[in-house]
Amino acid sequence: MRDEKLLHMLSSDPERGMGELISAYSGLVYSVIRARLGRNAFSEADIEDCAAETFAEFYFSLGSFDPKRCSIKTWLCVLAGNNAKDALRKRKRAPETLSIDEEGSIELPGPDFTEDEALKRALCAELTEAISSLNDTDRQIIVRKFYLGQSSAQIAEKLSLTVSNVDTRTHRAIKKLKERLGVI
Amino acid sequence: MKTDIKELFDKLDPGELEMLLDGIDGDCDELTRERIRKNALARIGRGKPERRNGRFSRRALIIAAAVVIALCACGCAYVAEAREYNRAMAFFEEHDITAEGLTRAEIKAVYRDIKTESFTYGRTAEVIAHSLFEKRVRGYEIDPELMSPVEAKRMWDALLESDPDRTSGAEGVHYSITGSETDLLMNITANTVSKLDGEEVLWSARLDAFGLTRLFPLADGAAAAECSAARTDRLKLALIDGGGSILFVQDLKKELGADEICSVLGEPDGGASAFALSRSDAGNSVIFARYSRTGELIKNNEIAWKNAFPSFAVHMGKGYLLYAGMNDVVLLDADGIPTGTMQIETEGMYCSIWDIAVYNGRIWLSGVGNPEGYLNLQTYCAKYGIIKALNERYGEVMTPVSSDELVNAAREWHTGLLFVIDENSKAPEVFCSVPGALGRKLTVTDDGRLLWECESIVTMDYVPYRNAYSFDGKTQIMEYAFSEGGELISVTDTGRMGICTAM
């Protein structure tokens, strides 16, 4: 598998291994970071630095990386997200939130769950299951839009759809997610 | 109340995220990717960071300096000074040292400092360090301000050793790429493969529209491969006969959908078999393609591949053996269909293979065994530094680290291993092991002996100003000769030294 080869290369020939790793995943890592920092007035250089730091961190944490737990791709995304959060924290700027229907915020009944990590974890699990239950195209649209911050036009190009089709599918997918999560 | 999907995405654990990322990719342009690559490599101590802002090229500075020289030469009063400056610049050019950022006086001062081998001038270390970065000499990420004259001298020696022009020419019969042609956009448009005996060119074969990436010497001729990065169009295989004639050029990408040629073997009928790795999100596969001497594809199989990069292939009986990276070998029949796998293992060691050879009907694998836990130690060391790693291991007794202690540790961590496999083997068996050594090259001689180069670790030094989390040491290259019967005929000190990096 690609991951095994990459891990072996990173161990035996770090320079080549890093080259392969970055060639394969720089677009994704860059997008994850850009989605978090780009809207907070970070420069392109800051985003690139954060991406480079993510790859370096992955290299230095090879010993703790467990391929059975997740793929390199996923682990890089986790590291990228954490690094972006750290960068935001350093700027002491609270991340922005978006409104419900257009941008995917979900209204929840009951107590203020943001104060309750257990409830939030449960919601994460439910959300994962709900997104996984979508068809492949809708799943990709939701992940690209809300995780990678891609625009409808970018998603349309990636998935060979029209922009209006992406918007329609987004709307329907969010509706399904809300139904699935028991939220009106 | 509301919460944000984006916020929830950031709280997913890796297992949950894994479920959602299938088929998801992002975008960044090539320049951005390159900058990320360089900056990431710099962060792990393997290169120099890339700046976003442009800067003057070395050539421009050299030209500018040359203009200054010309102006100075106009005045007799400046002749002597100009001569020294010219000598300094020539010296800089000869050794590919950049004069970027140096004043004229500094260039001369650095030149004098190096020529006299005093290494006491403040900017000398910085200049050497910069050039080492440029040449990507492994392991030398330096804070010049911390360098003593002795250390600067050592860096200078490393810089000289890295100069390919200073390395002696290859001896005996060998292949080389003697000329690459590029178009105005610097795309490679042709390559010339040459077979040489010492410095004498025996033949040359020009491959048009071929950006040669790998050359596979075969018993009679050579196979040239143009391997591409994944998902690009160019993947070609050329077969050249023993006289330098190109027998065929095949485009594997179109036919087979592969994206990297890993190994090529000559076949008894004069054709060749290629093993190529195809990567995709759906899973990797190894493409087996058997060509006739005229380039006709006569056998072709796609093998689902869950192993690492298949770096070596050899004939085994009527079929093939593929080294699948890590500790695995895969056996294939003559049609390229997998018939079994074997684990390369010996008690308590993680093994990696360096070379493979077919000798006397059996397959020999040369490599290195590291004790279990060594990889964790490597990673720990990379993260926390050498001193801390050693202190963890030896209980705070390793500061400062003596070379003798390092040699002992490195010898403890490495064992040279020679494995053998035959058609009846259920697993590779350790044929020979040498503690404190690295199994390297295997050669079958014309007089029917198997030579195994095994390098004994003899020195190991920790360099305090280095930030590469590794030690560099030297090895003594020993040559073990075996007869067809498998007896050890001789052990010879080749007199050559090798380089070993531990950690």
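A: Helices (H or I, at least four residues) and strands (E, at least two) are DSSP runs, numbered from the N terminus. This is a predicted model, in which local features need pLDDT of at least 70 and side-chain atom pairs count only at pLDDT 80 or more, while totals for chains, interfaces and linings use all residues. Residues are numbered from 1 along each chain as its sequence is written, chains are lettered from A and ligands numbered from 1 in the order in which they are written, and side-chain values use heavy atoms, with hydrogens and water left out.

Q: Which helix holds both B:E34 and B:R37, and how do their side chains meet?

A: A salt bridge is a side-chain nitrogen of Lys or Arg within 4 Å of a carboxyl oxygen of Asp or Glu. Both B:E34 and B:R37 belong to helix 3 (residues 30-43) of chain B, where they are three residues apart, about one turn of the helix. Their side chains form a salt bridge, at 2.8 Å from N to O.

Q: Are B:E34 and B:R37 buried, partly exposed or exposed?

A: Buried means under 20% relative accessible area, exposed means over 50%, and partly exposed lies in between (1.4 Å probe, protein chains only). B:E34 has a relative accessible area of 28% and is therefore partly exposed. B:R37, at 16% relative accessibility, counts as buried.

Q: How many salt bridges are there over all chains, and which residue is the partner of A:R169?

A: The rule gives 18 salt bridges over all chains. A:R169 is bridged to A:D138, with the closest N and O atoms 2.8 Å apart. Because A:R169 lies in helix 9 (residues 163-180) of chain A and A:D138 in helix 7 (residues 136-146) of chain A, the pair ties together parts that are 31 residues apart in sequence. A:R169 is partly exposed, at a relative accessible area of 23%, whereas A:D138 counts as buried at 5% relative accessibility.

Q: What can be said of the salt bridge between B:D447 and B:R449?

A: The side chains of B:D447 and B:R449 meet at 3.3 Å, N to O. B:D447 counts as exposed at 54% relative accessibility, and B:R449 is partly exposed with a relative accessible area of 27%. Elsewhere, salt bridges that share partners join A:R144, A:K158, B:D25 and B:D27 into one network.

Q: How should I read a sheet, and what is the order of its strands in the open sheet of four strands?

A: Strands of a sheet pair through backbone hydrogen bonds, either parallel or antiparallel. Two strands count as paired if DSSP finds at least two bridges between them. The open sheet of four strands in chain B has the order 5-6-7-8, with antiparallel pairing. Strand 5 and strand 8 (246-251) of chain B each have a single partner strand and stand at the edges, so one side of each is left without a neighbour in the sheet.

Q: Which strands pair with strand 6 of chain B, and over how many bridges?

A: Strand 5 (residues 214-218) of chain B pairs with strand 6 of chain B in the antiparallel sense over five bridges, and B:L215 stands opposite B:A224. A hairpin of two residues joins strand 5 of chain B to strand 6 of chain B. Strand 6 of chain B also runs antiparallel to strand 7 (residues 236-240) of chain B, again with five bridges; here B:A223 stands opposite B:L239.

Q: Is strand 6 of chain B mostly covered or mostly exposed?

A: Strand 6 (residues 221-226) of chain B is mostly covered, with six of its six residues buried. On one side the buried residues are B:G221, B:A223 and B:A225, and on the other they are B:A222, B:A224 and B:E226.

Q: How many disulfides are found, and which cysteine sulfur is nearest to that of A:C77?

A: A disulfide is a covalent bond between the sulfur atoms of two cysteines. The test is a pair of cysteine sulfur atoms within 2.5 Å. A search of the whole structure finds zero disulfides over all chains. For A:C77, the nearest cysteine sulfur is that of A:C70, 9.5 Å away. A:C77 counts as buried, at 1% relative accessibility.
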